[in-house]
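Thanks, everyone, for making the time this morning.

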Amino acid sequence: NCRPLAETLGDAPEYIANYRLGTMVCTDRRAYDFPCNWKMIVENAMEAYHLPLTHKSAAGTEYENLRNWGFKKGARGLWDDLLFAGREVISMNVPGGAGAVAWTIPTLTEAETHKHDFILVYPTLMIILQPDSAVFFIMVPDGGHDRAKLICEWRFPKSVAARPDFADVARNAVAGIEGFNREDVEVTGQTFRAYQSRLFRPGRYSHMEEAPYRFAHYVLQRCFDEDVPPR
(Lines give C-alpha, C1' and ligand atoms only; values in the text may rest on other atoms or scores of the structure.)
Protein backbone atom coordinates (compact mmCIF):
# COMPACT_ATOMS: atom_id res chain seq x y z
CA ASN A 1 0.00 0.00 0.00
CA CYS A 2 2.85 2.39 -0.69
CA ARG A 3 1.93 5.90 -1.71
CA PRO A 4 2.96 6.96 -5.25
CA LEU A 5 6.61 8.04 -5.40
CA ALA A 6 5.58 11.38 -6.92
CA GLU A 7 3.73 12.25 -3.70
CA THR A 8 6.83 11.65 -1.62
CA LEU A 9 9.11 13.58 -3.98
CA GLY A 10 6.69 16.50 -4.26
CA ASP A 11 8.56 19.52 -5.61
CA ALA A 12 12.03 17.99 -5.12
CA PRO A 13 12.46 17.19 -8.86
CA GLU A 14 11.91 20.87 -9.71
CA TYR A 15 14.24 22.00 -6.91
CA ILE A 16 17.15 19.85 -8.15
CA ALA A 17 16.39 19.93 -11.90
CA ASN A 18 19.63 21.71 -12.90
CA TYR A 19 21.74 18.80 -11.69
CA ARG A 20 20.27 16.56 -14.43
CA LEU A 21 20.54 13.42 -12.29
CA GLY A 22 18.90 11.34 -15.01
CA THR A 23 21.85 11.91 -17.32
CA MET A 24 24.53 11.04 -14.75
CA VAL A 25 26.38 7.73 -14.62
CA CYS A 26 27.15 5.72 -11.48
CA THR A 27 30.92 5.19 -11.34
CA ASP A 28 31.35 3.54 -7.92
CA ARG A 29 29.23 1.80 -5.27
CA ARG A 30 30.40 0.86 -1.79
CA ALA A 31 28.81 -0.33 1.46
CA TYR A 32 29.78 0.59 5.02
CA ASP A 33 28.81 -1.26 8.20
CA PHE A 34 27.60 0.86 11.12
CA PRO A 35 27.39 -0.54 14.70
CA CYS A 36 24.16 1.31 15.49
CA ASN A 37 20.49 1.58 14.67
CA TRP A 38 19.71 2.77 11.14
CA LYS A 39 17.87 5.85 12.41
CA MET A 40 21.12 7.15 13.91
CA ILE A 41 22.74 7.28 10.47
CA VAL A 42 19.81 9.32 9.19
CA GLU A 43 19.93 11.72 12.16
CA ASN A 44 23.70 12.09 11.85
CA ALA A 45 23.44 12.90 8.15
CA MET A 46 20.81 15.58 8.69
CA GLU A 47 22.59 17.97 11.04
CA ALA A 48 25.85 19.92 10.90
CA TYR A 49 25.99 20.35 14.68
CA HIS A 50 28.52 17.50 15.05
CA LEU A 51 30.93 18.69 12.35
CA PRO A 52 33.52 20.68 14.34
CA LEU A 53 34.17 17.86 16.83
CA THR A 54 33.54 14.70 14.82
CA HIS A 55 35.09 15.73 11.51
CA LYS A 56 38.38 17.28 12.52
CA SER A 57 39.71 16.66 9.00
CA ALA A 58 37.37 19.42 7.81
CA ALA A 59 39.06 21.97 10.10
CA GLY A 60 40.07 25.10 8.25
CA THR A 61 37.43 24.67 5.55
CA GLU A 62 34.11 26.48 5.16
CA TYR A 63 32.43 23.26 6.33
CA GLU A 64 33.64 24.00 9.86
CA ASN A 65 31.73 27.29 10.10
CA LEU A 66 28.24 26.41 11.32
CA ARG A 67 26.95 29.77 10.07
CA ASN A 68 27.25 28.31 6.56
CA TRP A 69 24.64 25.65 7.30
CA GLY A 70 20.86 25.90 7.17
CA PHE A 71 17.72 23.88 6.63
CA LYS A 72 15.05 23.84 3.92
CA LYS A 73 11.78 22.04 4.42
CA GLY A 74 10.20 20.50 1.34
CA ALA A 75 7.33 22.75 0.25
CA ARG A 76 5.51 19.69 -1.07
CA GLY A 77 6.37 16.07 -0.50
CA LEU A 78 8.21 14.18 2.20
CA TRP A 79 11.74 15.52 1.94
CA ASP A 80 14.04 17.90 3.77
CA ASP A 81 17.30 19.58 2.84
CA LEU A 82 20.32 20.22 5.06
CA LEU A 83 21.86 23.09 3.12
CA PHE A 84 25.48 24.29 3.00
CA ALA A 85 26.37 27.57 1.26
CA GLY A 86 29.85 29.12 1.23
CA ARG A 87 32.04 31.51 -0.71
CA GLU A 88 34.22 28.85 -2.35
CA VAL A 89 33.38 26.24 -4.98
CA ILE A 90 34.26 23.00 -3.17
CA SER A 91 33.25 19.37 -2.84
CA MET A 92 34.01 16.51 -0.45
CA ASN A 93 37.13 15.37 -2.31
CA VAL A 94 39.63 15.30 0.57
CA PRO A 95 39.42 12.45 3.13
CA GLY A 96 37.03 13.81 5.74
CA GLY A 97 37.23 17.31 4.29
CA ALA A 98 36.50 19.51 1.30
CA GLY A 99 38.64 21.03 -1.45
CA ALA A 100 38.48 22.92 -4.73
CA VAL A 101 36.70 21.20 -7.62
CA ALA A 102 38.25 20.24 -10.97
CA TRP A 103 35.00 21.04 -12.82
CA THR A 104 31.43 22.10 -12.19
CA ILE A 105 28.21 20.66 -13.59
CA PRO A 106 27.64 22.98 -16.57
CA THR A 107 23.87 23.37 -16.09
CA LEU A 108 24.13 24.81 -12.55
CA THR A 109 23.50 28.43 -11.69
CA GLU A 110 26.24 30.50 -10.03
CA ALA A 111 24.50 30.18 -6.67
CA GLU A 112 24.23 26.39 -7.03
CA THR A 113 27.99 26.04 -7.56
CA HIS A 114 28.52 27.51 -4.09
CA LYS A 115 26.18 25.21 -2.20
CA HIS A 116 25.73 21.58 -1.19
CA ASP A 117 22.34 19.97 -0.63
CA PHE A 118 21.88 16.99 1.68
CA ILE A 119 18.35 15.98 0.68
CA LEU A 120 16.63 13.32 2.76
CA VAL A 121 13.80 11.60 0.92
CA TYR A 122 12.05 9.96 3.87
CA PRO A 123 12.94 7.64 5.36
CA THR A 124 16.19 6.15 4.05
CA LEU A 125 17.43 7.86 0.88
CA MET A 126 19.77 10.84 0.89
CA ILE A 127 20.83 12.68 -2.27
CA ILE A 128 23.97 14.74 -1.78
CA LEU A 129 24.36 17.38 -4.48
CA GLN A 130 27.72 19.09 -4.98
CA PRO A 131 28.98 21.44 -7.70
CA ASP A 132 30.81 18.59 -9.46
CA SER A 133 28.84 15.42 -8.65
CA ALA A 134 26.07 13.68 -6.75
CA VAL A 135 26.32 10.98 -4.10
CA PHE A 136 23.42 8.73 -3.12
CA PHE A 137 23.20 7.39 0.45
CA ILE A 138 20.89 4.44 1.13
CA MET A 139 20.63 3.81 4.90
CA VAL A 140 19.10 0.47 5.86
CA PRO A 141 18.80 -1.91 8.83
CA ASP A 142 21.16 -4.87 8.64
CA GLY A 143 19.72 -7.81 10.54
CA GLY A 144 19.08 -6.22 13.91
CA HIS A 145 18.30 -3.06 15.85
CA ASP A 146 22.03 -2.54 16.53
CA ARG A 147 23.41 -2.93 13.00
CA ALA A 148 22.94 -0.86 9.88
CA LYS A 149 24.43 -0.53 6.44
CA LEU A 150 25.17 2.63 4.47
CA ILE A 151 25.31 2.10 0.71
CA CYS A 152 27.00 4.92 -1.24
CA GLU A 153 26.83 5.57 -4.97
CA TRP A 154 28.94 8.20 -6.74
CA ARG A 155 27.43 9.80 -9.84
CA PHE A 156 28.94 12.16 -12.42
CA PRO A 157 27.80 13.73 -15.71
CA LYS A 158 28.64 11.55 -18.71
CA SER A 159 30.83 14.28 -20.19
CA VAL A 160 32.86 14.41 -16.98
CA ALA A 161 33.26 10.63 -16.79
CA ALA A 162 34.78 10.74 -20.29
CA ARG A 163 37.56 13.14 -19.28
CA PRO A 164 41.13 11.73 -19.39
CA ASP A 165 41.76 12.85 -15.80
CA PHE A 166 38.50 11.43 -14.47
CA ALA A 167 40.00 8.39 -12.70
CA ASP A 168 42.21 10.51 -10.46
CA VAL A 169 39.50 13.02 -9.59
CA ALA A 170 36.89 10.32 -8.99
CA ARG A 171 39.32 8.55 -6.66
CA ASN A 172 39.53 11.73 -4.61
CA ALA A 173 35.73 12.00 -4.51
CA VAL A 174 35.45 8.49 -3.08
CA ALA A 175 38.23 9.14 -0.56
CA GLY A 176 36.50 12.32 0.59
CA ILE A 177 33.23 10.58 1.47
CA GLU A 178 35.04 7.57 2.94
CA GLY A 179 36.91 9.87 5.32
CA PHE A 180 33.64 11.28 6.64
CA ASN A 181 32.12 7.79 6.86
CA ARG A 182 34.99 6.38 8.93
CA GLU A 183 34.63 9.18 11.46
CA ASP A 184 30.84 8.80 11.52
CA VAL A 185 31.08 5.02 12.09
CA GLU A 186 33.19 5.66 15.18
CA VAL A 187 31.03 8.39 16.73
CA THR A 188 27.66 6.75 16.01
CA GLY A 189 28.92 3.49 17.52
CA GLN A 190 30.00 5.29 20.68
CA THR A 191 26.72 7.19 20.89
CA PHE A 192 24.63 4.05 20.35
CA ARG A 193 26.45 2.27 23.18
CA ALA A 194 25.89 5.29 25.44
CA TYR A 195 22.15 5.27 24.64
CA GLN A 196 21.94 1.84 26.27
CA SER A 197 23.44 2.99 29.56
CA ARG A 198 21.17 3.00 32.63
CA LEU A 199 22.33 6.59 33.18
CA PHE A 200 21.23 7.85 29.78
CA ARG A 201 18.52 10.51 29.70
CA PRO A 202 17.32 12.17 26.48
CA GLY A 203 18.24 15.84 26.10
CA ARG A 204 16.76 18.75 24.20
CA TYR A 205 17.26 19.28 20.50
CA SER A 206 19.55 22.10 19.42
CA HIS A 207 18.14 24.83 17.18
CA MET A 208 20.47 23.35 14.53
CA GLU A 209 18.69 19.98 14.68
CA GLU A 210 15.40 20.84 13.00
CA ALA A 211 15.67 17.96 10.53
CA PRO A 212 16.36 15.26 13.19
CA TYR A 213 13.44 16.72 15.16
CA ARG A 214 11.13 16.32 12.15
CA PHE A 215 12.51 12.83 11.49
CA ALA A 216 11.79 11.78 15.09
CA HIS A 217 8.16 12.87 14.65
CA TYR A 218 7.97 10.97 11.36
CA VAL A 219 9.10 7.79 13.15
CA LEU A 220 6.63 8.33 16.02
CA GLN A 221 3.76 8.87 13.60
CA ARG A 222 4.61 5.69 11.72
CA CYS A 223 4.92 3.70 14.97
CA PHE A 224 1.68 4.94 16.56
CA ASP A 225 -0.30 5.56 13.36
CA GLU A 226 -1.47 8.95 14.56
CA ASP A 227 -0.39 12.58 14.49
CA VAL A 228 2.10 13.35 17.22
CA PRO A 229 1.88 17.00 18.29
CA PRO A 230 5.21 18.87 18.36
CA ARG A 231 6.67 19.62 21.80
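Predicted model: local features only at pLDDT ≥ 70, side-chain atom pairs only at ≥ 80, totals over all residues.

Let me start in the sheet, where strand 3 and strand 6 run antiparallel and are joined by 7 bridges, with two strands counted as paired if DSSP finds at least two bridges between them. Residues are numbered from 1 along each chain as its sequence is written, and side-chain values use heavy atoms, with hydrogens and water left out. The helices (H or I, at least four residues) and the strands (E, at least two) are DSSP runs, numbered from the N terminus.

Staying with strand 6, Asp80 stands opposite its residue Leu120. On the other pairing, strand 6, residues 115–121, and strand 7, residues 125–129, are antiparallel over 5 bridges, where Val121 has Leu125 as its bridge partner in strand 7 and Asp117 has Leu129. As background, most peptide bonds are trans, and most residues other than glycine have a negative phi.

How many residues of strand 6 are buried? The count is 7 of the 7, so strand 6 is largely enclosed by the rest of the structure; here buried means under 20% relative accessible area, exposed over 50%, and partly exposed in between, with a 1.4 Å probe and protein chains only. In a regular strand the side chains alternate between the two faces of the sheet. In strand 6, Lys115, Asp117, Ile119 and Val121 point one way, whereas His116, Phe118 and Leu120 point the other way, and all are buried.

Now to the sheet as a whole, which is open, has 7 strands in the order 1-9-8-7-6-3-2, and is paired in the antiparallel sense. Its edge strands, each pairing on one side only, are strand 1 (24–34) and strand 2 (69–73). From one strand to the next, the twist averages 20°, with axes being lines fitted to C-alpha atoms, for helices over the stretch in contact, and angles running from 0 to 180 degrees between N-to-C directions. Helix 6, residues 166–195, packs on the sheet and touches strand 1, strand 8 (134–141) and strand 9 (148–157), its direction making about 25° with that of strand 1; contact, in this talk, means heavy atoms within 4.5 Å. Helix 7, residues 210–224, lies across strand 2, strand 3 (79–85) and strand 6, and runs at about 35° to strand 2.

Helix 7 also has a helical neighbour to discuss. The axes of helix 3 and helix 7 come within 9 Å and cross at roughly 150°. The two helices are therefore roughly antiparallel to each other, on a scale where angles under 35 degrees count as roughly parallel, over 145 as roughly antiparallel, 65 to 115 as roughly perpendicular and the rest as oblique. The contact is made by Trp38, Lys39, Val42 and Glu43 of helix 3 together with Pro212, Phe215 and Val219 of helix 7. Of the residues in this contact, 5 are nonpolar, none is polar and 2 are charged, where Ala, Val, Leu, Ile, Met, Phe, Trp, Tyr, Cys and Pro count as nonpolar, Asp, Glu, Lys and Arg as charged, and the others, Gly among them, as polar.

Is helix 3 largely enclosed or largely open? Because 6 of the 8 residues of helix 3 (residues 38–45) are buried, it is largely enclosed by the rest of the structure; the buried residues are Trp38, Met40, Ile41, Val42, Asn44 and Ala45. By contrast, Arg222, which lies in helix 7, is exposed, with a relative accessible area of 61%.

Finally, a backbone detail: Arg20, in the loop between helix 2 (12–15) and strand 1, has a positive phi of about 50° although it is not a glycine. Arg20 is partly exposed, with a relative accessible area of 46%.
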